[in-house]
Amino acid sequence: MSFHWSVFTKPWLSLPADELGPLVARLGFTGAEVPVRDGARLTPADAERTLPAFARRLRADGVEVISVASELTEPVFAACAAAEVPLIRIMAELGPDGYAASVIRNREQLAAVAPLAERYGVRVGVQPHHGRWISTTLGVLDLLDGLPPEHFQLVWDAAHDALAGDDPRVTLPLAADRLAIVNLKNAHYARTEEPSGAVGGDWRTWFVPAPDGLANWSAALGTLTTLGWAGPVCLSGQYNEPAVPVAELLATDLDWARKAATPGTERGC
């Protein structure tokens with residue numbers, strides 16, 4: 001199975017396209033997710049003006065922009081359409097009104113932008129995220145239930161799936177009909193440096209290179225192969241305390257991902 005190996009370019013937030021494209025291509029990626037956020041080189045306010053040229057420049061280096069990490073406003077939808085970027089990735093935040101009310105509120109917000117998704121032909125991908133977000137694959141699938149699947153899809157994330165205690169051999173088949181992108185990163189829990197004084201709970205997430213975390217990349221990519229899924233697989237480049245430059249870690253993690261995608265690398269539980 002051949003995947004579309006991609007990378008989230010957040011580690012190089014301010015890099016211009018004529019430097020970012022060659023860097024991403026040199027690392028071995030053919031796709032990129034670009035942050036379009038306040039504080040990044042591209043912002044929602046200027047995306048309609050800047051994103052098309054930015055994507056075109058990356059394309060000249062053989063790098064296709066597979067998605068943007070951004071917000072669900074009309075200028076961002078319009079920018080993605082003009083730049084031929086197919087998807088906007090978001091996460092679903094939980095509010096003080098509680099889980100059930102937050103799901104209803106998030107679903108209503110997604111339903112409200114369905115006309116924009118249809119008008120501009122740009123999909124919305126919702127990613128689970130540990131913490132005060134809808135944190136599981138099944139939680140996001142529940143959130144998307146009833147929304148048009150051609151507009152609203154799931155961005156599965158190896159690290160957050162593992163942090164939630166899930167198994168990709170269970171969650172990926174359940175998500176297959178809504179699956180837009182597979183994020184690869186890895187993490188485990190580490191003790192906090194300063195105990196809070198609470199009884200338990202002094203642990204935090206800690207993002208690490210591929211072999212060192214809870215997520216089983218071989219199981220995930222093996223399951224995708226079994227499913228016949230060959231969409232974008234995006235390495236997130238998220239590491240706590242990187243001992244070497246992030247680019248070097250990403251190049252090594254891409255090697256691990258390619259190895260994990262090779263049949264026969266998965267070990268049973």
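A cavity is a set of points, on a 1 Å grid over the protein atoms alone, where a 1.4 Å probe fits but cannot get out, and its lining residues have an atom within 4 Å of a point. The close-ups below show a predicted model, in which local features need pLDDT of at least 70 and side-chain atom pairs count only at pLDDT 80 or more, whereas totals for chains, interfaces and linings use all residues. Residues are numbered from 1 along each chain as its sequence is written, and side-chain values use heavy atoms, with hydrogens and water left out.

**View 1. The largest cavity, with a volume of about 50 Å³.** The structure holds two cavities of 30 Å³ or more, where a volume is the space filled by probe spheres set on the grid points, which are joined across faces, edges and corners. The largest cavity is lined by Thr9, Trp12, Leu13, Leu20, Val34, Pro35, Ala40, Arg41, Leu42 and Phe54. By class this lining has eight nonpolar residues, one polar and one charged, with Ala, Val, Leu, Ile, Met, Phe, Trp, Tyr, Cys and Pro counted as nonpolar, Asp, Glu, Lys and Arg as charged, and the others, Gly among them, as polar.

**View 2. The second largest cavity, with about 40 Å³ of space.** Its lining is formed by Leu184, Lys185, Asn186, Val208, Trp217, Leu235, Ser236, Gly237, Gln238, Tyr239, Leu250 and Asp253, which divide into six nonpolar, four polar and two charged residues.

**View 3. The packing of helix α9 (residues 217–227) against helix α10 (residues 246–260).** Helices (H or I, at least four residues) and strands (E, at least two) are DSSP runs numbered from the N terminus. The two helices pack at an angle of about 50°, with their axes 8 Å apart, the axes being lines fitted to C-alpha atoms, for helices over the stretch in contact, and the angles running from 0 to 180 degrees between N-to-C directions. α9 and α10 are therefore oblique to each other, since angles under 35 degrees count as roughly parallel, over 145 as roughly antiparallel, 65 to 115 as roughly perpendicular and the rest as oblique. Their crossing is right-handed, that is, the near helix is turned clockwise from the far one by less than a right angle. Trp217, Ser218 and Leu221 of α9 make the contact with Asp253, Ala257 and Ala260 of α10, contact meaning heavy atoms within 4.5 Å.

**View 4. The packing of helix α4 (residues 99–112) against helix α6 (residues 137–144).** These helices meet at an angle of about 55°, with their axes 9 Å apart, which makes α4 oblique to α6. The crossing of α4 and α6 is right-handed. Tyr99, Val103, Asn106, Arg107 and Leu110 of α4 are in contact with Gly139, Asp142, Leu143 and Leu144 of α6, a set with five nonpolar, two polar and two charged residues.

**View 5. The largest pocket, with a volume of about 390 Å³.** A pocket is an open set of points with protein on both sides within 12 Å along at least five of seven lines. The largest pocket is lined by 21 residues, of which Ser70, Glu71, Ile90, Met91 and Trp133 lie nearest its centre. Strand β4 (87–90) and helix α4 each supply at least two residues of this lining, and α4 gives the most, with four residues. The lining divides into 11 nonpolar, four polar and six charged residues.
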